[in-house]
Each structure stands twice: as C-alpha cells, then as structure tokens.
Amino acid sequence: APPAPVVADIFMAHLETSLMERLEHAGVCEWHRYVDDTFVLLKPDADIDVILNILNSFHQSIEFTYEGEENGSLPFLDVQVIRSTKTKKNAGTEGISLTTDLPSDLAFDTTVYRKPTFTKLMTNWNSFVPLSYKKGSVVGMVQRAIHICSTYSLLSAEFDKIRDICSLNDYPRAFVDTRIGIGLSKYLKRNDEEEIVPVAGCEKRRMVVEIPYIGKPTDTLKEKINRLAADARPDLDIRFIAKPLPSVQTFFPTKDPIPKHLQSNVVYAANCSDCGDTYVGKTDRQCGLRMIEQGAPPSAFGIDPGTTNKDDDDDITVHSD
C-alpha cells in the first residue's frame, strides 16, 4: 500500500528513539539508516549478539539480521565501503570519516557495489530504440560512479568496469569514452561555471510531443515539425519523446499460458446446484484439485483425486443474494 513506506519509517524512527541509549551502552558508535537498511559502526569490544537481542526484543514482528565486515570492506545499498589504508590526516579530500568516536586516524573509501548475481545486461546497442535510450544507459552508470567513488583510482577502476559491461552489449568504445568524458567535464566544471542570467523577454512555452520511433524517419519528422513551429509558433519550445514500438513478445508470447484448473494460489467460486448459494474459497494448490473436492468430476480436469489435501485451504460460504 502507498502509506506502507511512511508507516515503516515512522516505526523505525520510534525504534531508534526508544533503543538508542541501550544500543550506545552496548557498543554502537554510529547508526545511519536508509528506510530499513542500517550502517552501524561498533566498538572493538562490542558483542553483536547482545545488540541483536536488544533490537529483536523491541517487537515480535521485527527481526534484524546483519552482515559483517570482510577484508576491510562492507557493502551498503549500492556502495562498497572500504576501510582505507590512509589516515584522515593524509587522506585529504579523498578520505571520508564517518565518526568522531572511533580512532582519529580512521578513514573510509567508497566505490560502486554490484551484487554477485549482476548479469551485466543492459539495453543492447543493436536494439531498435532511440539513441537517447542508449545514452541514458551509459550516462546513468557514469553519474553513479562519479558520485559514489571517493578516489580517482577507484573511479578509474569503475570506468573500466563500465567499458567492459558496455563492450559485452556491443557498445562502441568511442561512444562510451565520449559519455565518460562529458560526464567528467560537467562534474569538474560545475563550480566554475558562471550563473546564467536569463535574458528579459517573452519566455517560450514548453510543449512535449510524443512520437513513435521508427528510425531515421522519426528524426526527419522532428526537423520538419521544428521548422514549421519556428515559422508559425515561435513562442513554443517543442520537446520530443520518441516512443519505441511494442516488443515482439507483446504479439508473440514466449510462454504458454497455464490453464485455469492448473493454477495455484487462487481464489475460486463454485455455485451450489441445490440451494443456489455461491461457495468462495482460497487454495494454495491447483484449482482443479479443490474443485474435485467440491464435487466436480475428476475426468473434467484430468487430475488424480488421490493427491488432494483439504488442510491447506481457507474457505467461506457467500450467499448469492
């Protein structure tokens, strides 16, 4: 439900307010949370089992699990937090200190984290989609790398990974290097650019137009519409959204549909032939098995009635009137 994240955040805030004093006494130095994922720094002598007992005893529906640091590294969301070999004094702007309660020479580095199940799949270069889609796939990875990587060496390594991923998806090396160069240039010059003062005059009204993407004819159509608008409506700033055609799978499903009587985890209804009432039930098993138990002939579904089990269902009777 839409309010669920808000309610969850309120509950977690209540949990933190109620338990923080006990957690700090048990050895928690830093507690940083995003929704239900928490990054915690502990004192060297802290007992993780004691901290888990404090958290899990707060409410019967709450059960915390944890992942510990391995080889000086710990993933948190999309970030790999690495215990830096540099000290805060020598790290300069490249080191990030998360706490003042721990040793003063502690610093951290960060880079992009990908799960072991990451498949390296993205929009293929040969896909029949607008070029802006392909640019967006690369730019998204570049921007994430720039904002997450804390040192230039880690950033360079991440750019190499981006090149490898794009190469597996048939992207030209020059195209990827251009996106990386543009992203870096914008990031490095963001503070040097002077503020653009708008020129006084009539502000153009923006109009968004969605057109189907069919290759080069789409670009030709954009140019013609822009030329017509420049003569007839110079007050308009037209922005185009090229929408790709539906995928082949939309017209030719790759999976055979499951017959209704073979579907499981369903809610079903059966009409009584004697009193006219409607019987509504929920079953975790195949619908055909449950219908056989309600009196339907097994031959109608081709199912062996000996496989039925009546203990797995919750049923109610609803009157038709």
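## A first look

Of the 321 residues in this protein, 30% count as buried, where buried means under 20% relative accessible area, exposed means over 50% and partly exposed lies in between (1.4 Å probe, protein chains only). This is a predicted model, in which local features need pLDDT of at least 70, side-chain atom pairs count only at pLDDT 80 or more, and totals for chains, interfaces and linings use all residues. Residues are numbered from 1 along each chain as its sequence is written, and side-chain values use heavy atoms, with hydrogens and water left out.

The protein has nine helices and 10 strands. Both are DSSP runs numbered from the N terminus, helices being H or I over at least four residues and strands being E over at least two. Among the contacts (heavy atoms within 4.5 Å) with a separation of 6 or more, 57% are made by residues 24 or more positions apart.

## A hairpin to start with

Let us begin with strand 1 (residues 28-34) and strand 2 (residues 37-42), which pair in the antiparallel sense over six bridges; two strands pair if DSSP finds at least two bridges between them. Arg33, for instance, has Thr38 in strand 2 as its bridge partner. The two strands form a hairpin with two residues between them, and Val35 in the turn has a positive phi of about 60 degrees.

Next comes an open sheet of three strands in the order 3-4-5, paired antiparallel. Strand 3 (73-76) and strand 5 (108-112) stand at its edges with a single partner strand each, so one side of each has no neighbour in the sheet. On average, neighbouring strands here are turned by 25 degrees against each other, direction ignored. Axes are lines fitted to C-alpha atoms, for helices over the stretch in contact, and angles run from 0 to 180 degrees between N-to-C directions.

Four bridges join strand 3 to strand 4, and Phe76 has Val79 in strand 4 as its bridge partner.

In the loop between helix 2 (48-56) and strand 3 you will find Asn71. Asn71 is not a glycine, yet its phi is positive, at about 55 degrees. With 84% relative accessibility, Asn71 counts as exposed.

Strand 3 and strand 4 form a hairpin with two residues between them, and Leu77 in the turn has a positive phi of about 55 degrees. Leu77 is partly exposed, with a relative accessible area of 40%.

## Helices 4 and 5

The axes of helix 4 and helix 5 (residues 152-168) come within 10 Å and cross at roughly 165 degrees. That makes the two helices roughly antiparallel, a term for angles over 145 degrees, while under 35 counts as roughly parallel, 65 to 115 as roughly perpendicular and the rest as oblique. The crossing is right-handed, meaning that the near helix is turned clockwise from the far one by less than a right angle.

Val138, Met141, Val142, Ala145 and Ile146 in helix 4 meet Leu155, Glu158, Phe159, Ile162 and Cys166 in helix 5. By class, this contact has nine nonpolar, no polar and one charged residues. Here Ala, Val, Leu, Ile, Met, Phe, Trp, Tyr, Cys and Pro count as nonpolar, Asp, Glu, Lys and Arg as charged, and the others, Gly among them, as polar.
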